[in-house]
Amino acid sequence: MEANYQKLFQEYTFKSGVHVRNRFMMAPMTTFSADENDYVSEDELNYYKERANGVGTIITACAYVSKGGKGFDGQMGIDHDGTIEGLSKLAKVIHEGGAKVVVQLYHGGRLAVPRLLPNGETVSASAVTPLGDRGFYSVEHTPRALTTEEVYEIIKEFGEATRRSIEAGFDGVELHGATGYLLQQFVSPHSNQRKDEFQNRYLFAIKLIDEVKRVISEHATKPFLIGYRFSPEEPETPGITMRETFELLDELMNANIDYIHMATTEAWAQPRRGIVSEKSRTEIIAEYINGRVPYIGVGNIHTPAEAALVLDKGKTDFVSLGRALVVDPHWVEKVKSNKEETIIHHLTENDQQKAVIPTPLWKLILEVQGWFPVVR
């Protein structure tokens, strides 16, 4: 491989003891492809198997920890022990490719979809209606504020999901605290207007981490890591700015987790508010973390040169690839074997089977203009 790409292929061992073969991660991307029971489907097994031979780590699509938090059609669940069999198959096919596998744990909160929920009722930190469209659904309903007891029940549900992850053979969990979902709803001054102990906007995340650590200590027989994904800003006012992000980062670093994973669609986007800087969010956050915890950069990375720049200029420890790996499942192997020129950067309408993409995800790729580079 080219000399300037060598850092991308350096091995790494997390503080938990989990060892990975390189600095590439597959970003958690929703496949909409679980079966009718929200179990892992054969199409999903094939999709991940095809992408497990190059990256060091695969972070799966988010799995809901409670049926009251389901956010997508075809979202896989990790909310009861019946899901373990399928999740075990998923861990197995990814391990066979040489990658480690982390499952992203999720509760949609006020962004869950009412028609997918048992009682049609969404919940959140407070009864505050979200603004505008989020994700693939228009959100207009007002959630019910969780009681203090219910917050603790959800914390236990994350703990039980962690136990299932361990029993299924995963190597870790990533707490989904980004993209406006429940964890972020507690962090945000827009959605958290509570008057109980959880008016401390970082307490929910910290208690979640404590519970996950307790479960790991009790059930894990091999190294098992904890990651946390966050969004650095949000559009609402009042809302999360870089100031709140720094406060959250302090709490996460004090909690001694294995890594922090930023969620952004553009690695080099500049902050919108809360700080004035010519630098990108990626760089600003790396400088704030200052090597205290491994940091994953992401955002519109399509070439190995762009990936290397995120590690070098962005000063991240890992690079998370999303759409690039959907378009070309063997992107990483091609870079490693000096075949960069053979990387596929666009899909055609006939590429579903070649790229091993499940049909629900493929339909959305074709329907949502500009979501993926498709040559028609």
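The structure is a predicted model, and the protein in it has 12 helices and 17 strands.

The overall dimensions are those of a globule: for 376 residues a compact globule would have a radius of gyration near 21 Å, and the value of 19 Å found for the protein agrees with this. Taken along the principal axes, the box filled by the C-alpha atoms is roughly 55 × 50 × 45 Å. Of the 376 residues, 59% are buried, and of the contacts between residues at least 6 apart in sequence, 69% join residues at least 24 apart.

Helix α3 (residues 148-168) packs against helix α5 (residues 203-219) at an angle of about 35 degrees, the two axes being 9 Å apart, and the crossing of α3 and α5 is right-handed. On the side of α3 the contact is made by V151, Y152, I154, I155, K156, F158, G159, T162, R163 and I166, and on the side of α5 by F204, K207, L208, E211, V212, R214, V215, I216 and H219. By class, the contact of α3 with α5 comprises 11 nonpolar, three polar and five charged residues.

Helix α3 also meets helix α2 (residues 84-96), the axes of α2 and α3 coming within 8 Å and crossing at roughly 55 degrees. This angle makes α2 oblique to α3, since angles of 65 to 115 degrees count as roughly perpendicular and those under 35 degrees as roughly parallel. The crossing of α2 with α3 is right-handed, and it brings I84, L87, S88 and A91 of α2 into contact with R164, E167 and A168 of α3. The residues of this contact of α2 with α3 divide into four nonpolar, one polar and two charged.

In the pair formed by helix α6 (residues 242-254) and helix α7 (residues 281-289), the axes come within 11 Å and cross at roughly 40 degrees, so that α6 is oblique to α7. The crossing of α6 and α7 is right-handed. Contacts are made by M242, T245, F246, L249, D250 and M253 in α6 with I284, I285, Y288 and I289 in α7, and the residues of the contact of α6 with α7 comprise eight nonpolar, one polar and one charged.

Several local backbone features were also identified. Most residues other than glycine have a negative phi, and most peptide bonds are trans. The peptide bond from T237 to P238 is cis, with omega near -5 degrees, and P238 belongs to the loop between β12 (225-230) and α6.

Q352 is located in helix α11 (residues 352-355) and is buried, its relative accessible area being 16%. When residues up to four places away in sequence are not counted, Q352 touches I357, P358, T359 and W362.

Notes
Residues are numbered from 1 along each chain as its sequence is written. This is a predicted model: local features need pLDDT of at least 70, side-chain atom pairs count only at pLDDT 80 or more; totals for chains, interfaces and linings use all residues. Side-chain values use heavy atoms; hydrogens and water are left out. Axes are lines fitted to C-alpha atoms, for helices over the stretch in contact, and angles run from 0 to 180 degrees between N-to-C directions. Helices (H or I, at least four residues) and strands (E, at least two) are DSSP runs, numbered from the N terminus. Angles under 35 degrees count as roughly parallel, over 145 as roughly antiparallel, 65 to 115 as roughly perpendicular and the rest as oblique. A crossing is left-handed if the near helix is turned anticlockwise from the far one by less than a right angle, and right-handed if clockwise. Contact means heavy atoms within 4.5 Å. Ala, Val, Leu, Ile, Met, Phe, Trp, Tyr, Cys and Pro count as nonpolar, Asp, Glu, Lys and Arg as charged, and the others, Gly among them, as polar. The radius of gyration is taken over C-alpha atoms; the globule rule is 2.2 Å times the number of residues to the power 0.38. Buried means under 20% relative accessible area, exposed over 50%, partly exposed in between (1.4 Å probe, protein chains only).
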